[in-house]
Amino acid sequence: MRVSIIYFSGTGNTKSIAIGYGRALEKMGHDVSISSIEKVSTLEEHDVLIIGGPIYAGNMPHELIHWVRKNIPRATGNKSAIVFSTSAGLENANGVKSIGKKLARRGYAIIDLTVFEMPRNFYVEKYDPTPETIQKQQFKDAAQKIINSVGHIHNTTPRIVRDSVFIIDMLADLFSIMAKSMGKNFAIDETCLSCGTCERDCPKQNISFKDKKYHNRCILCTRCIHNCPVNAISYKGKKIESYRVHNEIYFDEELLQ
Ligand SMILES: Cc1cc2nc3c(=O)[nH]c(=O)nc-3n(C[C@H](O)[C@H](O)[C@H](O)COP(=O)(O)O)c2cc1C
């Protein structure tokens, strides 16, 4: 089967899972393409679509929801979809329903919705980074979850998403407005090397490192803080410990049998 995997990832957790899906499916003999919404606006030909994103305040990012609304046309033929999210806690399963519902309305059979618990990347105001031992376990558990999820690929009975997602979609809109103003709390200090990583990496072209300025388009993905090589970006004057993905989704041969 042809599988198209589309994701948005601020700091790499969701990208790791997307790549994990790709590797598992390729091993199973499927033809896979993987793209970030930052790079594509049209889908490759596919039989199965897999879409993933991080959870921001209980739903998928507004960017991803908007991308789906704008770029996914009505499905022709028998197309199915898997939706996954990554979050620091598992109580936020509603984001997958939001995207799942939109795909179902476009004629996709929703064959799986999966939530992955991954390291926390947002601890600018409260919470702590996820301890290393837990991070390792999360990547291990994720490999097993991916295998379970791809096991649904030949499913013929779709899952019906009954819950309304109206409220959480409204909250995602609201959060994207709040993020613009919260983004003004980021500051680049004098330790900046002027390497330009933050400006280059920002998914919204929201940073001008030369005049150390954040504009008004922040989505709070936190990529700038975590990717800065010298940790020169603070939030409300506070330095934030960097989170970098350094674990990998690893499949034991046994898992792939
Ligand atoms: C702005 C923002 C809001 C977040 N809100 C939640 C949340 O409501 N619940 C949760 O469990 N994790 C939350 N997180 C944590 C991320 O969902 C989690 O770390 C995710 O795996 C990051 O994925 P990424 O590395 O692909 O960006 C939030 C992260 C950010 C940046």
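Domain bounds come from an automatic or database domain assignment. Residues are numbered from 1 along each chain as its sequence is written. This is a predicted model: local features need pLDDT of at least 70, side-chain atom pairs count only at pLDDT 80 or more, and totals for chains, interfaces and linings use all residues.

View 1. The chain splits into domain 1 (2–164) and domain 2 (169–239). Their C-alpha centres are 25 Å apart. Across the boundary, 16 residues of domain 1 are in contact with 14 residues of domain 2 (contact: C-beta atoms, placed from the backbone, within 7 Å). On the domain 1 side, helix α2 (residues 62–71) gives the most, with three residues. That side divides into seven nonpolar, seven polar and two charged residues. Here Ala, Val, Leu, Ile, Met, Phe, Trp, Tyr, Cys and Pro count as nonpolar, Asp, Glu, Lys and Arg as charged, and the others, Gly among them, as polar.

**View 2. The open parallel sheet.** Five strands line up as β2-β1-β3-β4-β5, with parallel pairing. Strands are DSSP runs of E, at least two residues, and helices are runs of H or I, at least four, numbered from the N terminus. Two strands pair if DSSP finds at least two bridges between them. From one strand to the next, the twist averages 15°.

**View 3. Strands β3 and β4, with helix α3 on the sheet.** Strand β3 (residues 48–54) runs parallel to strand β4 (residues 80–87), and seven bridges join them. Ile50 has Ile82 of β4 as its bridge partner. Helix α3 (residues 94–105) packs on the sheet and touches β3, β4 and β5. The direction of α3 makes about 160° with that of β4. Axes are lines fitted to C-alpha atoms, for helices over the stretch in contact, and angles run from 0 to 180 degrees between N-to-C directions.

**View 4. Helix α1 against helix α4.** Helices α1 (residues 13–27) and α4 (residues 132–150) pack at about 55°, with axes 10 Å apart. That makes α1 oblique to α4 (under 35 degrees is roughly parallel, over 145 roughly antiparallel, 65 to 115 roughly perpendicular, the rest oblique). The crossing of α1 and α4 is right-handed (the near helix is turned clockwise from the far one by less than a right angle). From α1, the contact uses Ile17, Gly20, Tyr21, Ala24 and Leu25. From α4 come Ala142, Ala143, Ile146, Ile147 and Val150. The residues of this α1–α4 contact divide into nine nonpolar, one polar and no charged.

Definitions and conventions. Two residues are in contact if their C-beta atoms, placed from the backbone, lie within 7 Å.
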